[in-house]
Amino acid sequence: RDTTPTEFQHMDAYHSAITKLGQRKLTLRTLDLGMDKIPVQGQVAESNPLMGTRALRYCLENPEIFRTQLRAILKVAHLGNVEIMVPMVSTVEEIRQVREFIHEVEDELRREGEQISGKIPVGIMVEIPSTAVIADIMADYADFFSIGTNDLIAYSMAVDRLNERLASLYQPAHPAILRLLKHVIEVGEKKNKPVAVCGEMSSDIQYTILLLGMGLKTFSVVPPAIPEIKKVIRSVTMQDAQAIAKRAFEFEDAEKTLNFLREETRKIIPDVL
């Protein structure tokens, strides 16, 4: 788009999705935009927009844009099974601000006579290392976690995913990444907060057994990957998946870990890679 959506345009899109899904869950992510996608007149271009004013940071700096989307979500949420997911959260204060913002918009809509549903789950994307490390603290303010592996890996490894010269350093199987994932999943289990994993890693069947063995129960994947992901999950016991995950943590580098996971996956789907 060349312009930001109006409240009605937001509502129209969400209402369409709710109608198609019925009572199946609809997760609406708040605007995940930045200066690289919608430069705003009067704002200075940033030299590194992927680590700059984007997503939640952008929304908090542009409250009217944020308010417009939240009003639309809250107006239609009672029609379905809706939850809100906030990207690019890096501090507790940010999620507190989001909660306060939502409460303000709810009060505003009630004064206008709008029907507001009960408590809407508000979760966060875990895609910044600081958030992953303090997941136990974040769990007191977030209703669920969605681990965004694309950015989490990039930020953890200090690698631009689009830089071909650094492609070899973008390693989902790096021991540090696996430990961050395991920590967040364990926090979710302990705090009774649902945890999902999205991004390229969750759609790659080489990592399915590993993630399953680490305790992951919700995989957010691209549609074409669904059949093979299901096949792997249905073909391995939890006990075996846990044993494979435990073994994967014993390797010191990503290449050895990935080779091991690839061989274990080939036992189920022989023609994988």
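Modeller: Start with a charge over a ring. The charged end of K182 sits over the ring of F249, with 6.0 Å to the ring centre. R247 does likewise with F260: its charged end sits over that ring, 5.9 Å from the centre. Keep in mind that this is a predicted model.

F260 also has an aromatic partner. The ring centres of F251 and F260 are 5.4 Å apart. Their planes meet at 45 degrees, so the pair is tilted. Both F251 and F260 are buried.

Now the count. There are two aromatic pairs. F66 and F101 form a tilted pair as well, at 5.0 Å centre to centre, with 50 degrees between the planes. This pair links distant parts of the chain. F66 belongs to helix α3 (residues 63-76), F101 to helix α4 (residues 92-111), and 35 residues separate them. F66 has 0% relative accessibility, so it counts as buried. F101 has 10%, and it counts as buried too, because the cut-off is under 20%.

Next, the sheet. Six strands make up an open sheet, ordered β1-β2-β3-β4-β5-β6, with parallel pairing. The edges are β1 (25-29) and β6 (218-219). Each has a single partner strand, so one side of each has no neighbour in the sheet.

Look inside the sheet at β4 and β5. Strand β4 covers residues 145-148 and strand β5 residues 195-198. The two pair in the parallel sense over four bridges. In that pairing, I147 stands opposite V197 in β5. Helix α8 (residues 175-191) lies across β3 (122-126), β4 and β5. The helix runs at about 170 degrees to β4.

Last, the cysteines. A search of the whole structure gives zero disulfides. C59 is in none; its nearest cysteine sulfur belongs to C198, 17 Å away. A disulfide needs the two sulfur atoms within 2.5 Å. Both cysteines are shielded by the accessibility rule: C59 is buried at 0% relative accessible area, and C198 counts as buried at 11% relative accessibility.

Technical notes
Residues numbered from 1 in each chain as written. Predicted model: local features only at pLDDT ≥ 70, side-chain atom pairs only at ≥ 80, totals over all residues. Heavy atoms only, no water. Phe/Tyr/Trp six-rings, centres within 6.5 Å; stacked < 30°, edge-to-face > 60°. Buried < 20%, exposed > 50% of the residue type's maximum accessible area, 1.4 Å probe, protein only. Lys NZ or Arg CZ within 6 Å of the ring centre and 35° of its normal. Pairing = 2+ DSSP bridges. Contact = heavy atoms within 4.5 Å. Axes fitted to C-alpha atoms, helices over the stretch in contact; angles between N-to-C directions.
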